[in-house]
Amino acid sequence: VSGSSDRTVKVWDANDGRLLRSLAGHTGWVLAVALSPDGRTIVSGSEDRTVKVWDAHDGRLRRSLAGHEHWVTAVALSPDGRTIVSGADDGTVKVWDAHDGRLLRSLEGHTGRVYAVALSPDGRTIVSGSRDRTVKVWDARDGRLLRSLEGHTDVVRAVAVSPDGRFIVSGSED
């Protein structure tokens with residue numbers, strides 16, 4: 001699954017590279033995409049400040065989530081597919097109910113654009129990386145900031161959590 005400046009999300013066959021479908025609905029560049037672990041749901045974030053939830057099999061738009069004040073630059077789905085996490089240019093991380101699209105909480109603590117979000121394998125922890133050069137670790141259930149990891153000297157562009165949940169990996173422009 002890919003997102004593009006042409007405002008579409010594209011679904012590709014991983015075996016032969018064929019384009020399977022093109023999903024149109026965003027009114028700005030698509031800056032982030034994620035696929036649910038079961039492969040049934042696609043989530044996308046865009047310059048249009050929305051998070052869109054798509055059916056991966058037929059390409060139908062299930063819902064559009066609005067709540068960010070600026071570009072949505074990062075999206076992730078929980079391992080069980082029940083929760084969507086988005087990060088944005090407004091410095092917030094938002095947690096959404098994937099089933100009905102309700103905004104569950106807004107996590108505030110970054111002082112710059114959020115470029116990356118990830119969830120732990122058990123879905124209990126959210127990790128975010130930002131222009132403010134920090135990696136923040138949040139409790140997914142109540143939104144409490146658990147820790148702020150400092151050490152990068154430039155923008156944090158990528159974060160991941162190891163399959164056993166023991167390690168956080170971050171990538172930066174430093």
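This is a predicted model: local features need pLDDT of at least 70, side-chain atom pairs count only at pLDDT 80 or more; totals for chains, interfaces and linings use all residues.
Me: Is Ser64 buried, partly exposed or exposed?
Reply: The relative accessibility of Ser64 is 39%. Buried requires under 20%, and exposed requires over 50%. Because 39% falls in between, Ser64 counts as partly exposed.

Me: Which residue's side chain makes a polar contact with the side chain of Ser64?
Reply: Leave aside neighbours within four places in sequence: Ser64 is then in contact with Thr50, Val51 and Lys52. A side-chain to side-chain polar contact of Ser64, at 2.7 Å, involves one of these residues. The partner is Lys52.

Me: How far apart in space are Ser64 and Asp90, C-alpha to C-alpha?
Reply: In sequence, Ser64 and Asp90 are 26 residues apart. In space, their C-alpha to C-alpha distance is 18 Å.

Me: Which are the edge strands of the open sheet of four strands?
Reply: The order is β12-β13-β14-β15, with antiparallel pairing. Neighbouring strands of this sheet are turned by 20° against each other on average, direction ignored. An edge strand here pairs on one side only. That picks out β12 (114-119) and β15 (145-150).

Me: Which residue in β14 stands opposite Ile126?
Reply: Strand β13 spans residues 125-130, and strand β14 spans residues 134-139. These two strands pair in the antiparallel sense over five bridges. Opposite Ile126 stands Trp138.

Notes: Residues are numbered from 1 along each chain as its sequence is written. Side-chain values use heavy atoms; hydrogens and water are left out. Two strands pair if DSSP finds at least two bridges between them. Axes are lines fitted to C-alpha atoms, for helices over the stretch in contact, and angles run from 0 to 180 degrees between N-to-C directions. Buried means under 20% relative accessible area, exposed over 50%, partly exposed in between (1.4 Å probe, protein chains only). Contact means heavy atoms within 4.5 Å. A polar contact is a pair of N or O atoms within 3.5 Å; within protein, one must be able to donate a hydrogen and the other to accept it, and residues adjacent in sequence count only if both atoms are side-chain atoms.
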